[in-house]
Amino acid sequence: MTKDNEKLFGDKKIPMKTMIKRLLYFILPEWKAFLLAFLLILVSVGISTILPLTLRDITDALGDLGKPLSFIIGLSIGYFVLSIVSQIIVYIQGMILQKTGQRIVYKLRMEVFTHIENMSQNQFNIMPVGSLVTRVANYTTAMSELFTNVIVSLLRNILTILGVYAIMFYLSVKLSLVLTLFVIVVFVSSFIFRKVITKIWRKERQYTSELNAFLNENLSGMNIIQIFNQEKRKEKEFNVKNEQLRKTKSKAVLAFAGYRPFITFLYYAALAVTFIVGIYLSLGAGEIVAFYLYLSRFFNPVQNIADQLNQIQRATTSSERLFNLLDVKPESTDKPNALHIDHFEGKIEFRNVWFAYKEDEWILKDVSFIVEPKQTVAFVGATGAGKTTILSLIVRNYEIQKGQILIDDIDIADLEVKCLRKAVGQMLQDVFLFTGTIRSNITLRDDSFTDEEIKEVCEYVNADKFIKKLPKGLEEEVIQRGENFSQGQRQLLSFARTVLHKPQILILDEATANIDTETEKLIQDSLEKIKNIGTMLVVAHRLSTIQNADQIIVLQHGEVIEKGTHQALLKKKGYYHKLFLLQFTDQIN
Ligand SMILES: Nc1ncnc2c1ncn2[C@@H]1O[C@H](COP(=O)(O)OP(=O)(O)O)[C@@H](O)[C@H]1O
Ligand SMILES: [Mg+2]
C-alpha cells in the first residue's frame, strides 16, 4: 500500500507535546507494570555489565599461581548464576511488557472500532474501508509496539552503553577514547543504512501489494481476458510489476551485502586495536579480556539504537494517524436534547427537501410528499432519479441541506438516531449477509429471540421453504458474505431479519437482479403480508408492488413529477404512463 493510499481525509500533524500527552493516556493506567519492567531492566543491565568484570578476575586468577582453585571455581559459579538470573529477569520483564502491550492494543482497538461505528455513511464515503481496516488492524499494533518493544529496547540499549562506557573508562580512559571512534562510525553507518533499507522496504511492500491486487483482479476476471484475447497485453502489464519487485528486492539484498561485512570488519578492527593499544598501554591480561568482552557488548546496542530511532519515527506516525482518526467527529450525532420515542404511528412527511452528496450537486430538489400511517408508497423513476437516496435519508444515513423530514410530525433531526433506526426496518437492494449462520443473520446475534419467534417469522415471509431444504436448516453456515445463497433467498432473509425486529416503518429497495420465478412468487406473496406490518416505502420494480401501492411517487432527476394511484396516473397519460408502457408491457400478461 502506498503512503498516499493510507492517507485519510482529516489527517494532520500533531504537535509533539500533544502526542506525548495522548500517549500517556494509554500508559498511565499501566504505570505499575511499566515501573516494574523498568526496574527489572535496570537490574538485568546492571548484571550484564558487571559480568565481564568477573571474567577479568577469573583470567587474572588463572595467571596468578598464588590464588587457590576454590577461588576460581567460586568466581565461575558466581558468573554462571548471575548469567542465569539475568536471563530470568529478561524473561519476566518481557512477559510483563507483552501482556501490558496486549492490554493497550485491546483497549485501543475497541476505542477505534466504536469510534468508526458511530461515523455516518457520508464519512465512510470519504474514508475507504480498506484504509480503516489498516488503521484498526496494523496501526494499533504499531502503536503498542512503541510501548512494549521500541521504547524499552531503546532504554535497555542506552543503559547498556552507558554502563559499559562507565566501566571501560574505569578500566582505561585512553583505550576507551580510541574505541569511541569506532562507536561513532558504527552508529553513523547503521543510522544511514537503516534509513536506506526502510525506504527500500517501503517500496517493496508497495510493489508487493500492487502485484497482489493485479493478480487478484486479473485471476478473477481471467475468463473475460481470455474471451477478449487480452493475454499478451496482461502478460506485459504483469511483467512490469514483476520486474519492479525484483529490482527492489535485489536492492535490499545489495544493501545488506554491503552493510553486514562492513560492520564485521569494524568489529575485528576494533578487536585488533584493543589488543595492540592494550599491550602498548601495558594493561593486564584480565583487563584486555574484559575490554574484548565489553567491545562485543557494544556493537549490537549501537547498531540497534540506530534502528530503534527509525522505529520510533514510524510508530509515532502510526499513532498520529490513529489519533487523527479518533479526532474525526462522527457526523449525524444526536442533538443535545434528542427525543427518544419507542413507538411511532408511522406517518412520514418530506417537506421541501433538498439534498446533495457533494456541494451544489442537488440530487433531490424540493421533494415533498406525505405518507399516512400504514400506507404503502412506491417510488418509481429511472436509474439515478434519487429513489435509493430518499430511503437512506429517512434513517439519517445522510443529513439533508434544506427542508424537513418528519415522522409523526416530528423532525427526524430532533430524534435520537438509535430509536429512529430501531423504528425503521431496512431491506436494501444488496442484502448484506455476515459470516455466521442463517440464524445469526436473521437475529443479528441478538439472543433474546426464541426459536419459536424465528420460525414463525420465517414462515410469515416465506423464507421457511428454502431454509427447510438446507441440510442444517437455521444453523446452515453463511460464507463469503452470503455467496452461497441466491439473490432471491437473500432478499427473503432480509425480510425475515426486518420483520423479526418489529419495525413500525419499513423501507424496501427491490432487487433488480434476476430472481427465479419460483422465488419471485414467494417474494410477491411475502410482500403482500409485510405491507400490513406498518408504513411501507418501496423503491418498486415489480408491477405487482406498484399496482398494489396506496400511492405512487414518480421521480425524475430528483424531482417529484407525478403522484397518485396506479389507475389515476395511467389515466393522466403523463410520464408514468410512458414509463409503464416501456417497462411493463411484457409483465401485463
Ligand atoms: N454515496 C453517493 N455519493 C455521491 N453520489 C451518489 C451517492 N449515491 C448516489 N449518488 C448519486 O445520486 C443520484 C441518485 O442516486 P440513487 O438515489 O441511487 O438513484 P436511484 O436509486 O433512483 O437509481 C445518482 O446520480 C447517483 O450517482
Ligand atoms: Mg437505487
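How much space lies in the largest pocket? About 2600 Å³.

## Model and conventions

This is a predicted model, in which local features need pLDDT of at least 70, side-chain atom pairs count only at pLDDT 80 or more, and totals for chains, interfaces and linings use all residues. Residues are numbered from 1 along each chain as its sequence is written, chains are lettered from A and ligands numbered from 1 in the order in which they are written, and side-chain values use heavy atoms, without hydrogens and water.

## Two domains

The protein chain is assigned domain 1 (3–327) and domain 2 (348–588). These bounds come from an automatic or database domain assignment. The C-alpha centres of the two domains lie 54 Å apart.

## The largest pocket

A pocket is an open set of points on a 1 Å grid over the protein atoms alone, with protein on both sides within 12 Å along at least five of seven lines; lining residues have an atom within 4 Å of a point. Points are joined across faces, edges and corners, and the volume is the space filled by probe spheres set on them.

The largest pocket is lined by 50 residues. Gln121, Asn397, Arg421, Gln426 and Phe434 lie nearest its centre. Both domain 1 and domain 2 give residues to the lining, so the pocket lies between them. Elements that each supply at least two lining residues include α4 (69–117), α6 (129–171) and α16 (487–500). Helices (H or I, at least four residues) and strands (E, at least two) are DSSP runs, numbered from the N terminus. The lining divides into 21 nonpolar, 16 polar and 13 charged residues. Here Ala, Val, Leu, Ile, Met, Phe, Trp, Tyr, Cys and Pro count as nonpolar, Asp, Glu, Lys and Arg as charged, and the others, Gly among them, as polar.

## Around ligand 1

Residues around ligand 1 (a heavy atom within 4 Å) include Asn125, Ile363, Gly386 and Tyr398. Helix α11 (residues 387–394) gives the most to this shell, with three residues. By class, the shell has five nonpolar, six polar and one charged.

Polar contacts are pairs of N or O atoms within 3.5 Å. An oxygen atom of ligand 1 lies 2.6 Å from a side-chain N or O atom of threonine 388. An oxygen atom of the ligand is 2.8 Å from a polar backbone atom of lysine 387. A ligand nitrogen is 3.3 Å from a side-chain N or O atom of tyrosine 357.

## One cavity

A cavity is a set of grid points where a 1.4 Å probe fits but cannot get out. The structure holds one of 30 Å³ or more. The largest cavity has about 70 Å³ of space. Among its lining residues are Thr376, Gln524, Met536 and Asn548. The lining has three nonpolar, five polar and two charged residues.

How values were computed:
Polar contact = N/O pair within 3.5 Å; in protein donor to acceptor, adjacent residues only side chain to side chain.
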